[in-house]
Every structure is written in structure tokens, then in C-alpha cells.
Amino acid sequence: MISHRDNNTQRIAALDERAEALKLKRGMGIADARAMHPSIDVVEADAEADRRLLEGLADWCDRYTPLVAIDGEDGLFLDVTGCTHLFGGERAMQDEILTRFFQQGFDVRAGLASTPGAAWAAARFHGDRIVAGGEEEALLAPLPLSALRIAPETRASLESVGLRTAGAVMAAPRAPLARRFGATLLLRLDQALGRLDEAVSPRLPVAPLSIERHLAEPIMLTDDIERLISRLAVALKSDLERRGEGARTLALLLFRVDGAVSRIAVGTSRPMREPRLIQRLFHERLTALEQNIDAGFGFDLVRLSVLSVAAFDMAQGDLTGEVADDDADVALFADRVRARLGEAAVLKPVVVESHLPERAVANVPFAEAPQRRAPAAGRVAPPRTAPPMTIYPLERPVRLFRSPEPIEVPATEIPEGPPMNFRWRRALYRVARAEGPERIAAEWWRQLPGEEKAPTRDYYRIEDSEGRRYWLYRQGLYSSASQAAPPRWFMHGVFA
Amino acid sequence: MLPEVDVMAMSAVARDTVFALRRQIAKIEGTLPERLQAPGALKAIPGKVRSGFPSGIAEKQISTDAAGSDLTIVRHGLAVASADAFLQTGIERLDTALGGGLPKAALSEIHGLATRDAGAVAGFALSLASLILKQKQGLPILWVGTAEIFHEAGLPYARGLDTLFGIAPGQLLLSEAPKLVDALWIAEEAARMTAFAAVILEIRGSPQRLDLTATRRLHARARNADRPVLLLRQAGEADPTAAPVRLIVSAAPSASRATIAGPLAGSIGRPAFKVDIGKSRTALPGQFILEWNPDEHAFAQRTENSVAVVPASGRRADPAPASGAVLAFPAGASPAAISPTAIPPTARDQPSRQQHPAHRGPRRAG
């Protein structure tokens, strides 16, 4: 028995058959139930876990249709339009769903109708019923008002005027109903009867292309999965070719026998349709995930979906049949590394128009890096990646630290001059030569109105007594005011 | 660790032993067996003979032996390979010592003694990459590193590479691996591709995973793909490695900026590197000071503060006892550094408008 807190009282939220046999009911106070049967077992409700379970079930129902939506706390909508013939008709499909859920240990009720509202009512008030098109009115007429998916207040006020069944509401004149009980009631009624379309919004975006294979014998080994992937990818290739597209994001769905679903996605830097390459990408991903995929008793349905596509540029091969394209090799390499080690595993530096050294170069994941493309027709704003104009080439270090590291500078020769020695990472360095300063001011146009003005930086090139060259900066200026904090020094990079 | 040119006076027994050993080494390495060459035949390979060799030994042996009986053994294993197989640094002495240059289709190790040398090591590797890119234009370079080294020594900074080495920002791909295993995997996968001009793998310390097997794998892939792999090791020990060449790089004080009126006192000029040969099949350990010319993208020999070459024993025992006279290498002709005396006095007194700001103390003051 599961309890939940409602209006400061512990009430029964759900209960099993044995508890029902004891004449306990939903909504009853726990204190009353305990008084009747002191030995009952009460568990606190965990809405979060319920939600997760329902999402897991929704994932699993993905095997029947890509359009699965979650309905409230305890329902799932499956839009099976065009899917039933794959399972041998409506009746066979519903039976299979019910059987499989029953085998997983769930008590499930299903209803199949041509409108979501009618299916909802059929599932909740009949348990296992298939409503043919046009029978919705007959189904709903004898059912109580709660079959209409309306708010409890509306239901209470309808009942107070003597309309106790859906049939009574249907028979009543529409205009006074709308005036008195609001538009929602009629909307729900029309939706249930198919006079208005109701869209079921699926949980996950529907993949443009999917290839799946049901397996009589569940597979467990990674090698088998990979072999299956390459077969599915071959089937996928012809579809992609027909559409003139290549896959940018691919997802592999592994449906476990006991209902768990693993979803493995890989991204590609350029549209791809070659089965061998797709298989290699998934090979890397599966290797990386080896520990995290629990095959359990095996997977009985494997689906390869293309989540996003892009136009595929055909390349002309030479006479040997090979397409010499080094960029494609690099892109594939980057994809494989990213499949195994994550999005940020291969970075491409992109120059940004900024004077601040740490902002002047952005390391973006390889796929997002601007690719060479033919200029689009029409007016396109030039990308703002050009470096700032300078008269002389700027002296910039070969390595830049992620964040500037504070250093101790005991003394400078002149107040605003370079340091004579400094301490960095607990070691003392003597400055042999220094060049600078190069003053870089903060970017005021990026500051928020209320924000304090960031201090300017004076950069110095320093060579220490052993010949190593560093890039230091002093943040702020020495001030005569005694309360002003002394400027701080930072190590920002090293030169070759 | 055999010298390219051995001038050794040996007893017949000792010679036989050495030959037997060398044949064995050649068999293990899979290189061609060496050939004996008479000193006269050596003249056919000009500039190869006596330069890469600590002159102390040569002097001693020539003095003790009769001129006709001194023997020269030339290791042909690497030297017979075509000059195309080597990346020439442009410094003749270093190239000769390495037997023609840095092998192009191979793994090469570049060591930095401490993490604080990371700038110099990175700079040296990038200058090599820049030399490679002269021949393989347009191809990208992949820089693989562990998260540790990128955190400790900083990420390569695209803005600095552009001006100094002519490597465009889009040409350098960075790959940061969380662990060493992943970094090795990425590097191995990249080393077998021909789409990269070079692969740079940067590791900190001396991890156990980076053993002979790991380096051998990298080396084999580099050889098959005909692409160089540079293994940068910061603060690492000189572990056993399959790389034919190991260089130890540290920073050298840079020369002052050259102006038309002579070097500008107190300024910091072009990048300079101190390169020790830590391991080479052809060279004895030696030290070189190189300077990178960012305008021509080429190495130059040091023109200022040139350090006399030591009969470098590196950090190990000297191969020969230091007896006999020590001869320095002939100093290389200094490339066009303009000395003050070479400037006509009028030009020195009145610098041109472009040069003028360089006279105002530290550059870019204010």
C-alpha cells in the first residue's frame, strides 16, 4: 500500500489487490486504515520514481510506435496510426502489448480508439477494448463524467445540475453548456467524439528514418550488436540515397527483453551514409560504453534511427574509384574520437575578434567549427572572426594558460615597470630582460551596467636568467591612495 | 647509440667484436648491415665525415695511429636512406649529426627537463611542424595532450602560432584526452592517417603505460603512414623508447632584437632553443643552440652569445676519457646578422623612420 500526503493528512494513494480485499480504498486516511487493519504495510509515495518508471515504459513502448506521449501520472498515449499491421492488426497488437506488460509485472489497461479521448475512456473504464471508428458516442454515453477528462470542479457542478453521464451532457444543448461550464467541456467532448483533432505530442522527436530488426533470439554480445548495426546501416543507406541526404545524428536503440531501453547516439561532423563508417562510429561508442551497457538477458529489438539529416554532397571519384578527400578523413577521425571521448575531445581553434587574449581564440568542438562552404547566394554578413587590425604583428605566446595564474612580485624597478623577480608555482625566477608594457583594457562594451569596471592589464614579455620567456601582466595600477589594493600580477602564457 | 662516423683504431679482436655486435643490432633493428669504408671512399660523401663527431677522439686516434691504418666505420643503416626521408632542420651541423636530419616517417621524442620548459619544447615542436608544413601545405596538424599537461602547461595558443610559425588557426586541431590511455589511442589512430601533416603527442612525466611497446606502436604507424609523430615529454625520464631520435630541448637566452643600428640592448629577440641529442643511432650526444626565424620560417644558427660546443656527454658517462686535445667545431658562417661595423656611419647616426621607434628603450613602451 502506498500513501501520500494530501492536505496535511496521510492518505492512501495506491493499493494492491490484497489491500482492496480488506475493503480499503484509495483516498482513505492512513490512520483509519491502520485502525481497521493494524498490520498493513505502508510505503511513502515517490512521485519522482513513478515518473521515471513511466518514462522507462514510454521508452519501451517506442518499439510499437515512435509517437509515444506521457499522459498525466499513470498513462501513456501511443499513436499507432499505420503501425498496427506490423504486429498483425489492432487486436493482435493490443494483446501483445498487454501480454508483454503483464509479463513484466504490470497491471495494464488498454483501449484503442480513433480519438485519444475515446481511447482514454476505453482504457480507464473498460480495460481491454477496441473501439471502431464511429462507435465513440456509444462508448461514452453510459460512462460517468470523469470519462470526459474534465476538471473535478466542472464535474461536480455538472453533477449538481443532474447531468451524471457523458450521454446526458451530449444530449444537452451546447450553447448553455458552454456559457455555464466553459469551453473546455465542449472541447473535450468534441475531441473524444472526433469532431475536433487532438494532437498527441510525442515525448521524443520522431526520427526521419528508422530501421529496426526484431530478433527471435535475444543478442547480448557487443560483436553481435555491431554486426547488426552494419546490416541496418546498409538498409539505411538506400533510404538516405533516395532522399539525397546523409545522417548527422544517429541513434541506436537497444530494447532489452525485460523492458529496459538503451539509447546510444553519435554525431557526425559531415553528412554520412556509408555503412562501414557508421558501424565504426558505433564501435567506438560501444567500446567507450562497454561498462555502462547492461545486456541482461539480451536485446530482442535493435533499431537504428537517423535523428537529423543534412544534404549529402556527392563527390566524384577518380578512376581508381577512390575519392581523395583528406578533410573527410579528418572529419571521420574527429567523429570517432568524439564518439569515444565526448563532444569536446577534438577542438578547433577559431579566431575571435577581440583584444583580450583569452577571448581572442575560442576552441570549439570540431563539428561546430565553420566548414568551408560555397558562399550562399544573397547577402551574407561577413563572419566576425577576423583578428583586430594591427600595424605590427602582435607578440603572442605559444601557450596560454586556461586561467591566468597569480604570481608574487616582490619588487618592480619603477612603480609601473616590469618585475625584477617573481615567484610562480613556488619557484623564484629572476628577470633578465623585459619588454613592454602592452596595455590591454577590459572590454567595456561587454560589461553589465551595474558591474564594476574591470582593471586594465599591462602585459610584459619577460625572459628569466635561464632563457625562458614568459608573458606576465599586472592587473590594475599602483595608486597613491593608501586604502587602494596593490595591483596583482598574473602569469598568462609562455613564449617559445 | 652509435656514432655516424667512427674513426677508431682497434685491434683486430676488438674490431671483430664490434662488427659482430653491430651486425646483431642491425638484425634486431631490421636495418641494412653496415659496410666498411676506407677513409678514401668517405670523401665521396662530403660534409658527412668528421663533423658530427667529438673531435677529441679523432685527434687522439689520428695522432697515435699511422695515418694509413686508421679505420672509419660508417653506419649505413640510416645514412643510405634518401635525403627525402629526413626533415632537414637547416642547421648543417645538427643534420649531419642526426645522419641527414630528423627522420620524417618516424616517431621522434622531444623532451623537456621540467614542465616550465613547456614553452620551449612546444616552440621547437611547432617550428619542426612549420618546416613540415612547407612541404605538406594545407594539411592540418593534430596536437594530442592529456588534460594534465594542458592544465599544467597551458593550451597551444592559435594567435601565437600564426605570427611565429605561420600555422593558421584552423590548421591546428587540439585533442584533449582525459587519460593517458585515451591520448595514446587518439595518437595511434591519428598516426596511421595520412590526412595529418604531423601528429604531436604531449605527455607529462614518465607514466608506465608509455613504455617500449607503446612507442613501438606509434613508431610503426608513423613509418607506415609516412608521417612524423612528435612525442613531447615534459619532465619525463629518458625511458627506453622505440623512437630513433630523442632530443632534449630547453630554452636558450634569446638574442637581442636586430635593428639596423645593431642589436637593441635589453630587448627579447627571436625564440632560441638549446637542443641536446639524447638518443640517436648516428650521433653522439651533442648540444646545439638554434634560433627560429619567424619571418622565413626556418632555423638559423646562433649568431650572438654563441656557446662553444662541449664534447657533450649529456648526462651520462663520457664515451671516451677526456685526454688529448679538444678541438672545437668550425664555427658556422653566421647568416646575415648585421653588425654595427657593417653599417655605414651615416645610417647608424640617422636611422630610417621605420627603425626609429626601436631606439626608445623597451619596445612598445606606453
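View 1. Of the contacts in chain A with a separation of 6 or more, 52% join residues 24 or more positions apart. Two residues are in contact if their C-beta atoms, placed from the backbone, lie within 7 Å. The model is predicted: local features need pLDDT of at least 70, side-chain atom pairs count only at pLDDT 80 or more, and totals for chains, interfaces and linings use all residues. Residues are numbered from 1 along each chain as its sequence is written, while chains are lettered from A and ligands numbered from 1 in the order in which they are written.

**View 2. Overall dimensions of chain A.** The C-alpha atoms of chain A fill a box of roughly 95 × 75 × 55 Å along the principal axes. Buried residues make up 29% of its 496 residues; a residue is buried if 20 or more other C-beta atoms, placed from the backbone, lie within 10 Å of its own, exposed if 12 or fewer, and partly exposed in between.

View 3. A:Met491 is found in strand β19 (residues 488–494) of chain A; strands are DSSP runs of E, at least two residues, numbered from the N terminus. A:Met491 is buried because 20 other C-beta atoms lie within 10 Å. Beyond its neighbours within four places in sequence, its contacts include A:Phe401, A:Trp424 and A:Tyr470.

**View 4. Helix α6 of chain B.** In α6(B), 15 of the 18 residues are buried, so this helix is largely enclosed by the rest of the structure.

Definitions and conventions:
Helix = DSSP H or I, 4+ residues; strand = E, 2+ residues; numbered from the N terminus.
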